[in-house]
Amino acid sequence: MAPSLGQDIQGDVVNKQVILRDCVSGFPKETDMSIVESTLTLKLPEGSNEVLLKNLYFSCDPYMLFLMTNVEPGSPLIGFGVAKVLESEHKDYKKGDLIWGLTKLEEYSLVPSTQIQFKIEHTDVPLSYYTGILGMPGMTAYAGFFELGSPKKGENVFVSAASGAVGQLVGQFAKLTGCYVVGSAGSKDKVDLLKNKLGFDEAFNYKEEPDLNATLKRYFPEGIDIYFDNVGGKTLDAVLLNMRVHGRIPVCGMISQYNLAQPEGVTNLTNLMSKRVRMQGFVWSDFYHLYPKFLEFLLPHIREGKVVYVEDIAEGLENGPAAFVGLFSGRNVGKQVLVVARE
């Protein structure tokens with residue numbers, strides 16, 4: 001059993017880890033990962049630029065599949081998490097600080113201080129929120145929608161993978177802006193969630209829609225102003241037929257393509273020209289500088305209940321492989337969070 005966070009931990013500890021067993025090809029499997037234990041010395045050399053962390057929450061996200069290509073077999077998986085500082089020689093971080101940033105899927109991590117994104121100053125909201133709504137997914141939704149989508153009141157917004165970590169926020173941001181918003185998801189329960197809890201005007205199960213072009217014309221008879229793309233592929237191709245003149249497409253992800261040996265072609269790109277549509281890919285780190293503005297915007301909405309966030313919580317490192325793999329079959333409902341340790 002790991003020591004409690006209230007203890008003054010010293011010496012060597014057993015460090016449970018989720019490691020990559022072998023290089024991943026195509027769809028990830030639970031057997032690609034193993035749970036192992038190693039020994040870690042909880043003491044930093046003087047002048048070290050590293051920070052010793054006790055990991056609390058870990059964010060399971062599809063992009064981790066790409067990070068796996070840079071992880072040596074036998075090494076722990078890498079991703080975003082919330083952690084508590086146990087030891088630090090760096091002036092910006094002291095023992096007891098709470099942070100969020102890139103870490104490893106293990107109980108304790110030694111990370112470079114430059115790898116830590118932000119110190120957590122607001123603890124009146126759940127700490128797990130910094131893996132999602134107040135972390136990388138939240139910033140992704142905020143920057144993609146407001147900076148690239150440039151929304152205007154009354155516009156029509158479509159969000160794919162709308163019940164996921166990013167999509168659920170884009171839809172709520174659209175409603176706060178006064179837009180009409182429709183989301184797609186992969187089950188009846190997720191569609192109900194979008195309409196009844198997250199405030200989307202409409203939602204549909206894309207698995208029950210054999211003709212996406214006709215579906216979009218049904219929900220958007222006047223066309224789409226902003227398409228927040230999380231899936232790519234056939235959905236993107238159908239959306240291109242239904243964009244309005246001067247529409248915008250922030251490209252956040254293409255989860256439908258990640259595990260295909262041969263990615264699907266997109267055939268309707270001429271609509272980008274004829275309709276003067278702006279389509280732009282992005283990553284959240286392009287917008288680091290907006291994080292204070294993002295918190296100033298979002299925290300009051302969370303505290304007042306005007307923005308809600310749905311988390312799918314898995315407990316314990318041993319459930320890490322299943323939680324990660326489940327992302328690619330849509331098993332999770334909302335943001336997939338893994339609890340490593342609780343405060």
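Biologist: Thanks! Let's start with Arg 342: how exposed is the residue?
Modeller: Arg 342 is partly exposed, with a relative accessible area of 47%. Here buried means under 20% relative accessible area, exposed over 50%, and partly exposed in between, using a 1.4 Å probe and protein chains only. This is a predicted model, where local features need pLDDT of at least 70 and side-chain atom pairs count only at pLDDT 80 or more, while totals for chains, interfaces and linings use all residues. Residues are numbered from 1 along each chain as its sequence is written, and side-chain values use heavy atoms, leaving out hydrogens and water.

Biologist: Which side chain meets Arg 342 in a salt bridge?
Modeller: That is Glu 315, at 2.4 Å from N to O. Arg 342 lies in the segment after β15 (335-339) and Glu 315 in strand β14 (residues 311-315), so the pair ties together parts that are 27 residues apart in sequence. Glu 315 is partly exposed too, at 41% relative accessibility. By salt bridge I mean a side-chain nitrogen of Lys or Arg within 4 Å of a carboxyl oxygen of Asp or Glu. Strands (E, at least two residues) and helices (H or I, at least four) are DSSP runs, numbered from the N terminus.

Biologist: How many salt bridges are there by that rule?
Modeller: The count comes to 13. Another one joins Arg 244 and Asp 225, at 3.4 Å from N to O. Arg 244 sits in strand β12 (residues 243-251) and Asp 225 in strand β11 (residues 224-228), 19 residues apart, so distant parts of the chain are linked.

Biologist: Is Asp 225 buried or exposed?
Modeller: Asp 225 is buried, with a relative accessible area of 7%, while Arg 244 is partly exposed at 32%.

Biologist: And which residues form a network of salt bridges?
Modeller: Lys 94, Asp 97 and Lys 119 are linked that way.

Biologist: Switching topic, what about helix α8: how many residues has it?
Modeller: Helix α8 (residues 291-303) has 13 residues. From first C-alpha to last, α8 reaches 18 Å, close to the 18 Å expected at 1.5 Å a residue; that expected span is 1.5 Å times one less than the number of residues.

Biologist: Which residues of α8 are buried?
Modeller: They are Tyr 291, Phe 294, Leu 295, Leu 298, Leu 299, His 301 and Ile 302. What covers them includes β5 (98-104), β7 (116-119), α2 (136-148) and α3 (167-177).

Biologist: What comes just after α8?
Modeller: There, Gly 305 takes a positive phi of about 75°.

Conventions
Contact = heavy atoms within 4.5 Å.
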